[in-house]
Amino acid sequence: KIYKKFVKIHLRILLMNRLELIAKTRKKLSSGDYSIGSWMQISYFISKVLKILARGDQAYIVALILRFSIKENNGKRKDSCFFLKRSNKPTILALDSKRYRGDLNALKETGEFRILYISQGWYGSIMQAFYDDSDTIVEIITAKKGSKIHHRHIQSLKFIEKVLKYLFLMVNVDCITTVNYRYRDDYDWVISFIKRGIPYVLLYREGMLDPHGRGYFDTVYRTRKFGKFPGQLIIVTNNIMKEAFLESGYCNESQIVVGGSLRMDNLLSRINKQYNRPVSLNPPRRKRFVIFYFPYSVSWFGKKGNHEESDYDYNYAFKVWKGRKLLFKDLHEAILTLAHIMPEVDFIIKPKPEMMQGGSWKYYEEVINNSEFNVNKMNNYIIDSQIDVSDLIINSDVVCAFQSSVVVESAIAGKNIILPLFNNYCETELFKNDFLWSKELSNFDFAETKDDFIELVKKYLKNQTIISDEIMDKRKIIFEKFFNSLNPVAKEIYSNSIKQVIMQARNMRMY
């Protein structure tokens with residue numbers, strides 16, 4: 001017992017030294033003293049430590065690390081890992097915090113909850129101590145008793161149960177959330193929280209589906225493999241997604257609510273405020289062109305492999321469109337050209353952080369480096385993955401996007417939207433069957449060549465164009481289709497739904 005206590009004390013000292021090193025590294029990283037690679041090395045080290053501790057059954061040390069990996073969303077103040085165990089408000093712990101895209105801030109703004117969050121990288125590292133890299137969440141869910149993967153699942157749950165026992169001594173949690181049901185690293189943690197009586201709400205953010213297209217079919221087909229929803233409630237953005245979940249059998253009618261999108265409330269409020277404000281009071285600013293970056297490797301352009309069902313009606317999707325890299329290259333060369341000839345305009349490239357790696361991003365860098373323009377000398381060519389999407393849309397003049405929710409957001413904000421449909425993409429089956437806007441092109445602008453794109457952008461940047469009432473009415477219909485309501489009511493729906501789930505769980509624990 002003395003030896004074990006001695007080891008634990010020294011492990012704590014080692015841990016605190018490492019946490020101090022991490023804090024110093026973060027400070028140096030923010031000041032530019034360390035590279036991103038240095039921070040990735042430290043993250044890699046931490047994940048290895050967590051894996052080793054999990055294999056050594058050091059539940060208390062793991063719980064301590066996780067406790068200081070959890071931060072509180074403090075709204076406009078800086079988020080912090082230092083907070084009281086309990087709160088006078090219900091506490092939500094958001095798992096996989098990097099994927100919420102403003103939804104946690106919106107929940108915080110309701111004033112109804114304390115919002116805590118943790119990155120998947122922390123608790124996901126522990127799963128590596130129990131599972132092989134090739135083990136999938138579907139295999140874990142469907143594993144038969146006595147199988148190797150089922151044994152690994154049981155061992156994982158036992159360890160997590162020990163970790164949560166200690167973690168709950170340090171922090172109080174009334175509800176957990178995730179944004180998806182398909183991530184292996186979330187699954188065992190979700191199950192373990194539920195076993196301890198903590199309700200689970202899935203805040204499902206995806207919903208850009210054509211109810212008669214491949215995306216809807218694939219969603220239903222894929223979701224069927226996941227069995228039954230283990231939690232209490234799923235909140236989706238629209239009725240299309242609700243029907244897909246119900247058709248798959250993943251949940252029943254009482255387990256799902258259509259709530260729209262949390263982050264849309266602020267956008268709608270800002271749009272209404274802007275439209276009701278006299279034009280003369282709007283502050284002057286530099287004109288902006290914004291492209292919401294998309295990789296050339298997205299499945300909209302086809303994908304490798306084949307479908308398991310022999311009667312699958314969308315086999316064209318497994319043939320990669322040969323023109324995708326040329327479209328990508330032409331598009332970014334056109335933007336570079338525009339940034340060169342229009343220095344009075346800011347050209348902003350907005351990728352998601354996770355898009356800034358892999359083959360497509362390397363190719364993007366090649367396109368830039370091989371162009372005739374020196375980007376380093378172009379102050380108006382800006383790459384920013386962290387900038388707020390709503391701010392970007394509100395303060396833009398021309399928006400370029402492809403198949404994304406930002407098209408709908410920009411549309412309802414009355415922006416000029418240009419879809420880059422170069423190199424005969426409109427003639428492909430991928431466009432005709434899978435492109436969400438193929439039947440809505442009259443509500444946007446589109447360019448079929450690089451030169452057309454340049455001329456359209458120049459036209460809209462030089463001349464202020466107001467979208468007609470007729471087109472805006474059609475855009476409003478599209479917005480309601482995908483985001484449920486033109487009124488900022490999502491926060492109220494989400495807040496009331498989550499509070500009801502928490503109260504039901506509390507009442508069950510009382511009996």
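Cys-400 is buried, because its relative accessibility is 0% and the cut-off for buried is under 20%. The model is predicted. Cys-251 also counts as buried, at 8% relative accessibility. A disulfide is a covalent bond between the sulfur atoms of two cysteines. The count of disulfides here comes to 0.

**The parallel sheet**

Cys-400 falls within strand E11, which spans residues 398-400. Strand E11 belongs to an open sheet of 6 strands. The order is E10-E9-E8-E11-E12-E13, and the pairing is parallel. Strand E10 (381-383) and strand E13 (445-447) stand at the edges. Each has a single partner strand, so one side of each is left without a neighbour in the sheet. From one strand to the next, the twist averages 25 degrees.

Strands of a sheet pair through backbone hydrogen bonds, either parallel or antiparallel. Strand E8 (residues 287-292) has E9 and E11 beside it in the order. With strand E9 (residues 345-350), E8 pairs over 6 bridges. Val-290 has Ile-348 as its bridge partner in E9. With E11, strand E8 pairs over 3 bridges. There, Phe-289 has Val-398 as its bridge partner.

Strands E4 (residues 175-178) and E5 (residues 200-203) run parallel and are joined by 3 bridges. Thr-177 has Val-201 as its bridge partner in E5.

| Strand pair | Sense | Bridges |
|---|---|---|
| E8 (residues 287-292) and E9 (residues 345-350) | parallel | 6 bridges |
| E8 and E11 (residues 398-400) | parallel | 3 bridges |
| E4 (residues 175-178) and E5 (residues 200-203) | parallel | 3 bridges |

**Ser-396**

Where is Ser-396 found? Ser-396 sits in the loop between helix H14 (389-394) and E11. Is Ser-396 buried or exposed? Ser-396 is buried, because its relative accessible area of 2% is under 20%. A polar atom of the Ser-396 side chain lies 2.8 Å from the backbone oxygen of Ile-393. Leaving aside residues up to four places away in sequence, Ser-396 touches Arg-285, Arg-288, Val-290 and Lys-415. One of these, Val-290, is the bridge partner of Ile-348.

**Ile-412**

Ile-412 has its place in helix H15 (residues 405-412). Its relative accessible area is 5%, so Ile-412 is buried. Ile-412 and Glu-480 are 68 residues apart in sequence. In space, their C-alpha atoms are 10.0 Å apart.

Key
Residues numbered from 1 in each chain as written. Predicted model: local features only at pLDDT ≥ 70, side-chain atom pairs only at ≥ 80, totals over all residues. Heavy atoms only, no water. Pairing = 2+ DSSP bridges. Helix = DSSP H or I, 4+ residues; strand = E, 2+ residues; numbered from the N terminus. Disulfide = S-S within 2.5 Å. Buried < 20%, exposed > 50% of the residue type's maximum accessible area, 1.4 Å probe, protein only. Axes fitted to C-alpha atoms, helices over the stretch in contact; angles between N-to-C directions. Polar contact = N/O pair within 3.5 Å; in protein donor to acceptor, adjacent residues only side chain to side chain. Contact = heavy atoms within 4.5 Å.
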